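Let's take a walk through this structure together. Have the sequence and the 3D view open side by side.

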Amino acid sequence: MQRIVVLNPKGGSGKTTIAVNLASHFALRGERPVLMDYDVQGSSSHWVQKRHETQAHVHLISVFERGALATRTFELRFPEGTGRVIIDTPAAVEAQAMPELTRTADKILVPVLPSDFDIYACTRLVQNLLLVAKVKRRDNRLGIIANRVRRNTLSYQALMRFLGTLGIPIVATLRDSQYYVRAATLGLGLEEIKPYDFDEDLAQWQSLFDWLDVPSTHSASASGASASSASASSASASSASASSAPASSAPASSAPAARRA
Ligand SMILES: Nc1ncnc2c1ncn2[C@@H]1O[C@H](COP(=O)(O)OP(=O)(O)OP(=O)(O)O)[C@@H](O)[C@H]1O
Ligand SMILES: [Mg+2]
């Protein structure tokens, strides 16, 4: 079973869009995905609830609806044969919640938009992931997704220049497309509505799927996580409450520090 956490405290960066499209993709392949929604906004949950029963099944766990204690038994509620667990996190997750949210993650996906504000926020996020959550670059579990890109724009070029300085792989570059919005409205992934020019999107997603298939060298037990998902309980409580809180209280403050870590 692989756990994939989609994380970026910056609101609207595409966490839910990526989480639901991954869920759709794995469901279509019979990999029995579980989609865990940590966000009180409940967007992922809403998406699952829109799906028709004839569509490939995505098992939903709405973490925000349950008490912190209940989250201790999450793993017991994963259906048998669960292949992938995709965790959609809220905006404004605080730095202190990041160790808990990432400790048992096999892969951590960070979507970033091509805008100066998002680039600035990403600098801080990467610092927190490296320095607070102690995610190691060499573990091959942290990947960045450039989202909503329009090639041939200055903002796209600025984003790619910035991402190139981080020393973290850019595992996908997703175009800005209204098809994502349309698919989400129907409780579907892009792969399920298959736009006429879907081949372009498929090529963009394929690099992400390929990267996900390369195991990370991270060992959750070595980093102090218990075998159960008890650690998720405090993260969920913390991140759920953080969803209405101001932006991260990151201790780190400079981009060069992140690049050195
Ligand atoms: N590649 C894309 N092309 C076009 N629209 C997109 C794309 N990715 C995301 N969007 C749209 O951008 C908006 C924000 O995306 P989304 O809800 O996935 O972000 P989020 O990070 O989950 O937001 P929040 O922090 O509020 O949870 C949505 O309307 C979504 O449909
Ligand atoms: Mg969201």
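V85 is buried, because it has 26 C-beta neighbours inside 10 Å. The rule behind that word, with C-beta atoms placed from the backbone, is that 20 or more other C-beta atoms within 10 Å of a residue's own make it buried, 12 or fewer make it exposed, and anything in between is partly exposed. V85 sits in strand β4. Strands here are DSSP runs of E with at least two residues, while helices are runs of H or I with at least four, both numbered from the N terminus. Leaving aside residues up to four places away in sequence, V85 touches M1, R3, I4, V34, M36 and F78. Touching, or being in contact, means that two C-beta atoms, placed from the backbone, lie within 7 Å. M1 is 84 residues away from V85 along the chain, yet their C-alpha atoms are separated by 7.2 Å.

A word on what you're looking at: this is a predicted model, in which local features need pLDDT of at least 70 and side-chain atom pairs count only at pLDDT 80 or more, while totals for chains, interfaces and linings use all residues. Residues are numbered from 1 along each chain as its sequence is written, and chains are lettered from A and ligands numbered from 1 in the order in which they are written.

Now zoom out. The protein chain has ten helices and seven strands, and 47% of its 261 residues count as buried. Take the contacts with a separation of 6 or more: 84% of them come from residues 24 or more positions apart.

Two strands count as paired if DSSP finds at least two bridges between them.

Six of the six residues of β5 are buried, so the strand is largely enclosed by the rest of the structure. K107, L109 and P111 point one way, whereas I108, V110 and V112 point the other way. On the β1 side, three bridges join the parallel strands β1 and β5, and V6 stands opposite L109. On the β6 side, five bridges join β5 to β6, again running parallel, and here L109 stands opposite G143. β5, helix α4 (residues 116-132) and β6 also make a right-handed β-α-β unit. Right-handed means that, with the strands pointing away from the viewer, the path from the first strand over the helix to the second runs clockwise.

Keep going to β7, which is parallel to β6 and joined to it by four bridges. One pair to look for is V149 with its bridge partner R175 in β7. R148 lies in β6 and has a positive phi of about 60 degrees although it is not a glycine. Is R148 buried or exposed? It is buried, with 24 other C-beta atoms within 10 Å. N152, in the loop between β6 and α5 (154-164), also isn't a glycine and has a positive phi, near 65 degrees. N152 counts as exposed, because it has 7 C-beta neighbours inside 10 Å.

In total, 20 residues surround the ligand, and the closest are G11, K15, T16, T17 and A91. A residue is counted as near if its C-beta atom, placed from the backbone, lies within 6 Å of the molecule. The shell divides into six nonpolar, ten polar and four charged residues. Nonpolar covers Ala, Val, Leu, Ile, Met, Phe, Trp, Tyr, Cys and Pro, charged covers Asp, Glu, Lys and Arg, and the others, Gly among them, are polar.

Last stop: E100, in helix α3 (residues 98-102). E100 is buried, with 21 other C-beta atoms within 10 Å. A133 is 33 residues apart from E100 along the chain, and their C-alpha atoms are separated by 7.8 Å.
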